[in-house]
Amino acid sequence: MATKDLRFFDLPEAERLPDGHPRRGMSVVAALSEWLIHTNRRLNGSWSQRYEHGVPVTDLELVEADGTTGTCVRFLPDKALRSRWSLTAGDLARWSEHWPDLTARLDDQRDGEDRSGW
């Protein structure tokens, strides 16, 4: 996640996201975040790794199995982005409806009050 996702970056024939934007991979989200924690749960093993401004700051860390599979990405957008953009639970709901298997949750803690949308 600390480098461009070469499977999709700058390939004109790459499949577009449902919103019409090109795929860029998680490296962009990681680079634009103060921190990002990426957790992968698989049947044959699970791991997690923390990034700060797109750079890994931990090794892959084993995660205890909990019977689930999937990927969880938690991140804090860079302060410069947070001051110019105010994401709402409604925004997140609209964007994520394009992916029926995606569960998204917004935990807005800007003023200490939890305004989680879903």
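Guide: Leaving aside residues up to four places away in sequence, Thr39 touches Trp47, Ser48, Val63, Gly70, Thr71 and Cys72. Contact here means heavy atoms within 4.5 Å. One of these partners, Ser48, also has a polar contact with Thr39, side chain to side chain, at 3.0 Å. A polar contact is a pair of N or O atoms within 3.5 Å; within protein, one must be able to donate a hydrogen and the other to accept it, and residues adjacent in sequence count only if both atoms are side-chain atoms.

The model is predicted: local features need pLDDT of at least 70, side-chain atom pairs count only at pLDDT 80 or more, and totals for chains, interfaces and linings use all residues. Residues are numbered from 1 along each chain as its sequence is written, and side-chain values use heavy atoms, with hydrogens and water left out.

Thr39 sits in strand 1, residues 33-42. Helices (H or I, at least four residues) and strands (E, at least two) are DSSP runs, numbered from the N terminus. Thr39 counts as buried because its relative accessibility is 16%. Buried means under 20% relative accessible area, exposed over 50%, and partly exposed in between (1.4 Å probe, protein chains only).

Now the charged pairs. Side chains of opposite charge can pair when their charged atoms come close. A salt bridge is a side-chain nitrogen of Lys or Arg within 4 Å of a carboxyl oxygen of Asp or Glu. The count by this rule is 3.

Strand 1 contributes to one of them. Arg41 pairs with Asp66, and the closest N and O atoms are 3.5 Å apart. This pair links distant parts of the chain: Arg41 is in strand 1, while Asp66 is in the loop between strand 4 (61-62) and strand 5 (70-77), 25 residues apart. Arg41 has a relative accessible area of 18%, so Arg41 is buried. Asp66, at 46% relative accessibility, counts as partly exposed.

Another salt bridge joins Glu52 and Arg50, with the closest N and O atoms 3.2 Å apart. Glu52 is partly exposed, with a relative accessible area of 35%. Arg50 is also partly exposed, at 28% relative accessibility.

Helix 3 holds a further pair. Arg94 and Asp91 meet through their side chains in a salt bridge of 2.5 Å, N to O. About one helical turn separates Arg94 and Asp91, because they are 3 residues apart in helix 3. Arg94 is partly exposed, with a relative accessible area of 47%. Asp91 is buried, at 14%.

Ala93 lies in helix 3 too, residues 89-96. Its relative accessible area is 30%, so Ala93 is partly exposed.

Finally, the setting. The protein has 3 helices and 5 strands. Along the sequence they follow the pattern α-β-β-β-β-β-α-α. Of the 118 residues, 21% are buried. Among contacts between residues at least 6 apart in sequence, 42% join residues at least 24 apart. The accessible surface comes to about 8700 Å², and 54% of that surface belongs to carbon and sulfur atoms. Accessible areas come from the Shrake-Rupley method with a 1.4 Å probe; for residues, only the protein chains shown count as cover.
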